[in-house]
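Here's a quick briefing to read alongside the model. Keep the sequence and the 3D view open as you go.

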Amino acid sequence: MPGGRGTRTWWAGVVAAAVLAAVLGAWGITRDPLEPYYEAAVRSMAGSGHAFWFGAFDPAATVTMDKLPGAFWVQALVVAVAGPSTVAMVLPQVVEMALAVLVLAVAVRSLTRSPAAGIVAASVLAVSPAAVAVARGNVADPLMILLLVIATWTVARALHAERPVPWLAAAGLAVGLAFQAKMLAAWLVLPALAVAFLVAAAVPLGRRITATVVGAVVTVVVSFAWIGVVSLVPAGQRPWVDGSTDDSELAQTFVYNGLGRLGAQNPLQELVGQGLALTAPGTGGEGPSVLRLLVGDLGRATGWLVPAAVVALVAGLWALRHAPRTDPRRAAYLLFGLWLVVYGVAFSAGAVINVYYVATLAPAIAGLLGTAFGHLLAAREHRAAHLVAAVAVAVTIAYGAVLVLRSEHPVVAPVVLAVVLAAVAVGLLVGRRRGALVTGLVALLVLPVAATGWLLAIGGGAFDTPYETVREARGVRAVLVAAPRLAAGTLPGLERARAGAPDLMAVQSAAVASVFAYPTGDEVLPIGGFTGTGPTPTLDQLRDDVAAGRFHVVLSFPSTDPRLVWVAQHCRAERSVDPVFEVHVCVPSDAARP
């Protein structure tokens, strides 16, 4: 840690990087296309303590969201204070990502003992297109990223602590809270944290193992704390757990959001994918493969600096092969390297992933580049290190140029600038001249910064990627912007058809119900949960609601679901504005018909 004036300068640089991340995340956020499903759920949670605690999708709390509510609690608290708006929904993620930038700088500095490494890591994360994009949405990933970076910092402190157990317990607490935000995705960081500590911590092996076990136990306890409490509540006193067939949070977490992520599209995507293009926008397009994260949308989201990060990882570990076991730089390479590899493998193998998922790779890439920069500063007299850095710069810029020039928007200017700077940097690195490392870093950041600028120029959010095709951009906005606007246009007619009923309507799929529920804040009964195929409400419950006059309008897909078959047989069919949907109007007497 630098002292005196150096300390103030260092913190000024770190704060500047965090402020930059906040500005980029907040720039024009009123234009951001948000996920309507999360908007509606957060508005419901903000309006009721019961809905808040259980993470209910609808105000009546008939069904939960299809994931744990941790990240959405934060959004709901802001909305409860400020009211529902795009700014209120997005602001928490902007703050979370800015804090992640700040904490990453501290963690990398602590791991490497290099102030410059921390500044570089913070700067790289702040301008990462994937990190900026995800901060501009209303998704759960920014909170998970912040908590994982906090866990990284606590492990960095544990490496040199005489009593590492409290620090490993704190890491377990952070990962457990991250589990509340993103479930099993948070646990994927555990191998990186454990290996870095077990290899490089200063204490004897027995104490290293003990501390790691304590951290693991705390992780499990905190991860399952909310699930355990909710499971003790009788089923009749809480919402049905969406994503499960047995009203189980464990099934939602480990099957629907766990093993299910390795399977095919969910039923909702299969039902309406062609009609509403739900499978196209924001899913990355590429199927599972080794190169999935380096090509197409996913490559342009977070692949820009992957070649440099991989070179840094391999070369850094090789250079430290004879270093003492406790060398903190080895710990940094292992931690961020395993983070990158484990998440990279998971994302490469997933059946369908949203593009914003890969933002989780950004801190690992930033950490590797920051660590390598600090390492190179200390090895400035070693010619081989500078030659490796020159190769990394050249390969990374060449790869980035291919990403841009093979896109539908081959913007030449940033490519030319990056190539020129790369040529200068390579020359300086080979000659071991002053300013070589800084020039190389600037060259590496040109294309990611340009990509981030492109995102801001189109008002892009979490579901957008730099230089995405016109078709993809239209697909994102058709689902996230046009569909809600179309639904809003039908609200006056729906209000007339409502005829004073307590609920606005019933809709198959909470995802579709959300575009009607968020603008009004009224109850829109979600039939079948998010996918539209879940078991709640039952046919008897649906018939009883019709008999009680709770709603009159039912919107659904053509379906063999017994509930929707009953609606089609007993209620009056109306003309639908979209051939994908069927519309029926029910009155209480319909429930009495055989």
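**A covered helix**

Start with helix H5, which is mostly covered: 21 of its 27 residues are buried, where buried means under 20% relative accessible area, exposed over 50%, and partly exposed in between (1.4 Å probe, protein chains only). Helices (H or I, at least four residues) and strands (E, at least two) are DSSP runs, numbered from the N terminus.

This is a predicted model, so local features need pLDDT of at least 70 and side-chain atom pairs count only at pLDDT 80 or more, while totals for chains, interfaces and linings use all residues. Residues are numbered from 1 along each chain as its sequence is written, and side-chain values use heavy atoms, with hydrogens and water left out.

**Confidence**

- The protein chain averages a pLDDT of 91, and 94% of the residues score at least 70; pLDDT is the predictor's confidence in each residue, from 0 to 100.
- Watch residues 264–281, where pLDDT stays under 50. The model has 38 contacts beyond four places in sequence for that stretch, a contact being heavy atoms within 4.5 Å.

**H5 and what follows**

- H5 covers residues 86–112, and its end C-alpha atoms are 39 Å apart, which agrees with the 39 Å its 27 residues should span at 1.5 Å a residue. That expected span is 1.5 Å times one less than the number of residues.
- Just after H5 comes Arg113, with a positive phi of about 60°. Arg113 sits in the loop between H5 and helix H6 (115–127) and counts as exposed because its relative accessibility is 52%.

**The sheet**

- Five strands make an open sheet in the order S2-S1-S3-S5-S4, with mixed pairing; two strands pair if DSSP finds at least two bridges between them.
- At the edges are strand S2 (524–527) and strand S4 (572–574), each pairing on one side only. From one strand to the next, the twist averages 25°.
- Strand S1 (residues 505–508) pairs with strand S3 (residues 553–556) in the parallel sense, over two bridges. Val507 has Leu555 in S3 as its bridge partner.
- Lying across S1, S2 and S3 is helix H23 (residues 510–520), which runs at about 145° to S1. Axes are lines fitted to C-alpha atoms, for helices over the stretch in contact, and angles run from 0 to 180 degrees between N-to-C directions.

- Look for Thr219 in helix H12 (residues 205–231); Thr219 counts as buried because its relative accessible area is 3%.
- The side chain of Thr219 reaches the backbone oxygen of Gly215 at 2.8 Å. Leaving out residues up to four places away in sequence, Thr219 touches Gly172, Val175, Gly176, Trp187 and Leu190.
- Ala22 belongs to helix H1 (residues 5–26) and is partly exposed, with a relative accessible area of 25%. Not counting residues up to four places away in sequence, Ala22 touches Val94 and Ala98.
- Ala22 and Val175 are 153 residues apart in sequence and 24 Å apart in space, C-alpha to C-alpha.

**Backbone spots to check**

- Asp247 has a phi near 60°, a positive value in a residue other than glycine. You'll find Asp247 in the loop between H12 and helix H13 (249–256), and Asp247 is buried, at 12% relative accessible area.
- The peptide bond from Thr536 to Pro537 is cis, with omega near -5°. Pro537 is in the loop between S2 and helix H24 (539–547).

Note on methods
Polar contact = N/O pair within 3.5 Å; in protein donor to acceptor, adjacent residues only side chain to side chain.
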